[in-house]
Amino acid sequence: MIFFFGTRAAKIKERRLNRTTCPHCSTRDSFTVSTFGNYFHFFWIPIIPLFKKHVAECSHCRKSYAYSQFTPDMRHSLEVENRNNPAKRPIWQGCGCLVITVLFTIVMSLSLYGVYLRSNGEELFEADGDSRKVLLKEDMEKRTTLLHRERDSLSFALKSCIEFDIVSGLDTENIGYFTKKLDDKLLVLLKIRNIDEIKAHYRKDIVDVIEDCIDEIDLNNTIGELYIGVEGKWNMVLIKTPTDADLGGRFADENKLLPFYGPEEFPANTEGSNTDDAPEK
Ligand SMILES: [Zn+2]
C-alpha cells in the first residue's frame, strides 16, 4: 500500500570499516558500511531530515549487520570514519522545508494583498457606488492655501475678495481654496480650519461674499450655476447650490454638491462632456 506521506531512506555514503573482523567468516577488513539518511516525505517531497542508519556488509560472506549488531571494533572503526570522513546529508533532504517556507510566504503575501484590495473596495463601496462622491472627495483634497496667480486665477481672485470683505479677525492666510469649472457650472470649495472664530449665525456671510465676488469676476456671464461648499475644521458647515442650501453654519450635507458633477444615473465626465444633454430616464 502506498502512503502519500511517511519516512523514506536514501543512501548517503559508503565507507570501508578498517581494523575489523567479520564475526561470521573471520575475514579481516571485509566490511563496507552504508549510511542511510531517513527523512519525512509528503508526496515524495523530502520535508524534514530524520535519523541516520548504518548497515555493514561483509564482502566475503555477504552477511549484513545492523548497527545494533556491530561488534565493539566495528563501532570504534565507524566512529573513526565519522570523524575523518563524515556522512553528510545532501541538501535536498531538507528542501521541502524551503519549498514550504517559500509557498507559505507566497500564500501569506497573496492573502494580505487580498485584504488590502478588499479594504480599498470597501472604501469605494462606502461611496454607495456613486462615482460623484469619489470626484467630490478628490476635489476636496485639492484645496490649497498656496495659490498661483495665473494657474488658479479664479481662486486667487476669490481669496482677494475674502481678504478684503471679511474683517472679523479670521486668519484668511490659512484658508484653502479650490475652484473647478464644468460647462457653465462652477464649483467653489473652501477649507477654513479656524471657522470657530466666526459665530455660527454669521458664517453664512462667507457664502454671500463668494457669490458677490463671482458675480464681479464673471463679467461675460459664463457661469450659470454656482456650487459653494465651505468646510470647517471637521465637516462641511455651509453649502449653497442653485437648488439647495445649508446655511446654518454648523453642519451642511456635502451630498448637496453632487449635482455639480451631473445626475446620479449618468455620472458626468469631468473631461468636459455636456451633462445637460444627458438623456432622461
Ligand atoms: Zn564475513
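**Entry 1: ground rules**

I count two strands as paired if DSSP finds at least two bridges between them. Helices (H or I, at least four residues) and strands (E, at least two) are DSSP runs, numbered from the N terminus. I number residues from 1 along each chain as its sequence is written, and I work with heavy atoms for side-chain values, leaving out hydrogens and water. The model is predicted, so I take local features at pLDDT of at least 70 and side-chain atom pairs at pLDDT 80 or more, while totals for chains, interfaces and linings use all residues.

**Entry 2: the whole chain**

I looked up the overall make-up. The protein chain has five helices and nine strands. Along the sequence they follow the pattern β-β-β-β-α-α-α-α-β-β-α-β-β-β. Next I checked burial: buried means under 20% relative accessible area, exposed over 50%, partly exposed in between, with a 1.4 Å probe and protein chains only. Of the 281 residues in the protein chain, 35% are buried. For contacts I require heavy atoms within 4.5 Å. Among contacts with a separation of 6 or more, 58% link residues 24 or more positions apart.

**Entry 3: the four-stranded sheet**

I traced the sheet that holds β1. It is an open sheet of four strands in the order β1-β2-β3-β4, with antiparallel pairing. β1 and β4 are the edge strands, each pairing on one side only. Neighbouring strands of this sheet are turned by 30° against each other on average, direction ignored.

β1 and β2 run antiparallel and are joined by twelve bridges. Arginine 15 has valine 33 in β2 as its bridge partner. A reminder for reading side chains: in a regular strand they alternate between the two faces of the sheet.

What lies across this sheet? I found helix α1 (residues 72-84) lying across β1, β2, β3 and β4, at about 95° to β1.

**Entry 4: the zinc site**

I went to the metal next. Donors are N, O and S atoms within 2.8 Å of the metal (3.2 Å for Na, K and Ca); water is not among the atoms, so sites may look incomplete. The zinc ion has the SG atoms of Cys22, Cys25, Cys58 and Cys61 as its protein donors, at 2.2 to 2.4 Å. Their spacing in sequence is C-x2-C-x32-C-x2-C. Cysteine 25 sits in the loop between β1 (5-17) and β2 (31-42), and cysteine 61 in the loop between β3 (45-58) and β4 (64-66). The pair is 36 residues apart and links distant parts of the chain.

The site is tetrahedral, with angles of 104 to 115° among its four donor atoms. My rule: four donors are tetrahedral if all angles lie between 85 and 135 degrees; four are square planar and six octahedral if opposite donors are over 155 degrees apart and all others between 65 and 115; anything else is irregular.

**Entry 5: the annotated stretch**

I read the UniProt record. The unreviewed entry annotates residues 91-116 as "transmembrane region". UniProt positions are given in the numbering used here, feature names are shortened, and annotations may be inferred rather than shown by experiment. In the model, residues 91-116 are 85% helix and 0% strand. The end C-alpha atoms of this stretch are 37 Å apart.

I followed the strands around β8 (residues 236-240). Four of the five residues of β8 are buried, so the strand is largely enclosed by the rest of the structure. β7 (residues 225-231) pairs with β8 in the antiparallel sense over four bridges. Isoleucine 228 is opposite lysine 240 in β8. The hairpin from β7 to β8 runs through four residues.

β8 also pairs with β9 (residues 245-246), antiparallel, over two bridges. Isoleucine 239 faces aspartate 246 in β9. Here too a hairpin makes the join, through four residues.

**Entry 6: leucine 258 and arginine 132**

Leucine 258 lies in the segment after β9, and arginine 132 lies in helix α3 (residues 131-141). They are 126 residues apart in sequence, yet their C-alpha atoms are 6.0 Å apart.

Leucine 258 counts as buried because its relative accessibility is 3%. Arginine 132 counts as buried too, at 7%. Setting aside residues up to four places away in sequence, leucine 258 touches Asp130, Arg132, Lys133 and Leu136. With its neighbours within four places left out, arginine 132 is in contact with Leu258, Pro259, Tyr261, Gly262, Pro263 and Glu264.

Definitions and conventions: Axes fitted to C-alpha atoms, helices over the stretch in contact; angles between N-to-C directions.
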